[in-house]
Amino acid sequence: MLVFAASDKGGTGRSVTSANLAYQRALTGDHVAYVDFDFGSPTAAAVFDVPSAMRGIAERGLHSYLEGEADEPAGIDIWRHTEHPMLRARQNQSGRLVLYPGDIGGGEFATGEDALERCIDLLLRLNGEFDLVVVDLSAGRSYAVDLVLAATAHPRMRHVPYRWLVFHRWTHQHVIAAAGLVHKENGIVRSGVDRGHDEETLQGNIRFVRAAVPDPESPLWSQVSHAQEAWMQSCNKALRRLAADQRIGDSVVLGTVPLEPILQWREQLITEDDVLSTQIANKETLEALEEIARRLTDDSCWGRP
């Protein structure tokens, strides 16, 4: 299955959350590929603590492959090449976890028919080799979004299951931006239909993930004043109404990731060790990531709401 991670803005938690979802699925035994199609900023390796590809790689990155300069893109075995101590001590039941990075300084680029064919070849091969393929896309209405919409509409890929996760923070501006990315002019749905997708099917394969969501009831906010607490509760209710009006309400939300203090300082994987041993991360965050990862392939969470 292909999972495309999209957002209309940077700073939504798209890359760090989707990397955590890939990690969680690999822990359950799935073979997982993480494909860094964030062409303008291919830095997924930083989340996985792979020092050799923090800003992409010098040769055989995804830019080189899509532009016809490499026959095959390089894949990095994260378990072997990470400097993260928990990942290096790979659990026995874990599946493969492989990163396909972009090129250093590759940047965004317009894609033509040759790049589309190469993209299709890559996605078909990875879908056959891995249980789950997470494709991290550049923010906004990018070339990367257009490329995978065209690829998944192509007759060669009609049999390949795919899903979209659209990430946004829980703010007025981010809710409007996420809704626009999906539903408005030149958004994912209309652009997909223009490229040959069935509208109902495409709509049913899109879900939203709310990231960095404050919970006014959590101990984290126990010291705020009564006025601040009332204001937060009011904002939360207003955002729920706005999300429903913008067609990104609860019925199309796959999950919510709580505001996690350590992720405000460092984009990283949240491991069981972070919760139980060092206690630097909250249990609720890990549980939320585990649940979203499970729901990725739970058919009852998908389809027309």
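Q: How many residues of strand 5 are buried?

A: A word on the model comes before the count. The model is predicted, so local features need pLDDT of at least 70, side-chain atom pairs count only at pLDDT 80 or more, and totals for chains, interfaces and linings use all residues. Residues are numbered from 1 along each chain as its sequence is written, and side-chain values use heavy atoms, with hydrogens and water left out. Helices (H or I, at least four residues) and strands (E, at least two) are DSSP runs, numbered from the N terminus. A residue is buried under 20% relative accessible area, exposed over 50%, and partly exposed in between (1.4 Å probe, protein chains only). In strand 5, six of the six residues are buried, so the strand is largely enclosed by the rest of the structure. Leu-132, Val-134 and Asp-136 cover one side, and Val-133, Val-135 and Leu-137 the other.

Q: In what order do the strands form the sheet, and which strands stand at the edges?

A: Strands of a sheet pair through backbone hydrogen bonds, either parallel or antiparallel. Two strands count as paired if DSSP finds at least two bridges between them. Here eight strands form an open sheet of mixed pairing, in the order 3-4-2-5-1-6-7-8. Strand 3 (76–77) and strand 8 (253–258) are at the edges with a single partner strand each, so one side of each has no neighbour in the sheet.

Q: Where do the buried residues of helix 6 fall, seen down its axis?

A: An α-helix has 3.6 residues a turn, so residues three or four places apart point the same way. The buried residues of helix 6 are Ala-115, Leu-116, Cys-119, Ile-120, Leu-122, Leu-123, Leu-126 and Asn-127. They fall within an arc of 165°, so they line one face of the helix; the arc is that of the directions from the helix axis to the C-beta atoms. The face turned away from this buried side carries the exposed residues Glu-113, Asp-114 and Gly-128.

Q: Which elements do the buried residues of helix 6 pack against?

A: Contact means heavy atoms within 4.5 Å. The buried residues of helix 6 pack against strand 1 (2–6), strand 2 (32–37), helix 3 (62–66), strand 4 (97–100), strand 5 (132–137) and helix 7 (143–153). In helix 7, eight of the eleven residues are buried, so this helix is largely enclosed by the rest of the structure. Among them are Ala-144, Val-145 and Val-148.

Q: Which residues of the largest nonpolar core touch the most other members?

A: A nonpolar core is a set of buried Ala, Val, Leu, Ile, Met, Phe, Trp, Tyr and Cys residues joined through side-chain atoms within 4.5 Å. The largest one has 52 residues, of which Phe-4, Phe-37, Leu-137, Trp-164, Ile-188, Ile-206 and Phe-208 touch the most other members. Apart from it lies another core of 44 residues, including Leu-132, Ile-262, Ile-270 and Val-275. Leu-137 touches, among others, Phe-4, Phe-37, Val-148 and Trp-164, not counting residues up to four places away in sequence.

Q: What share of the residues in the protein chain is buried?

A: Of the 305 residues, 53% count as buried. The protein chain has 14 helices and eight strands, and its C-alpha atoms fill a box of roughly 60 × 45 × 35 Å along the principal axes.
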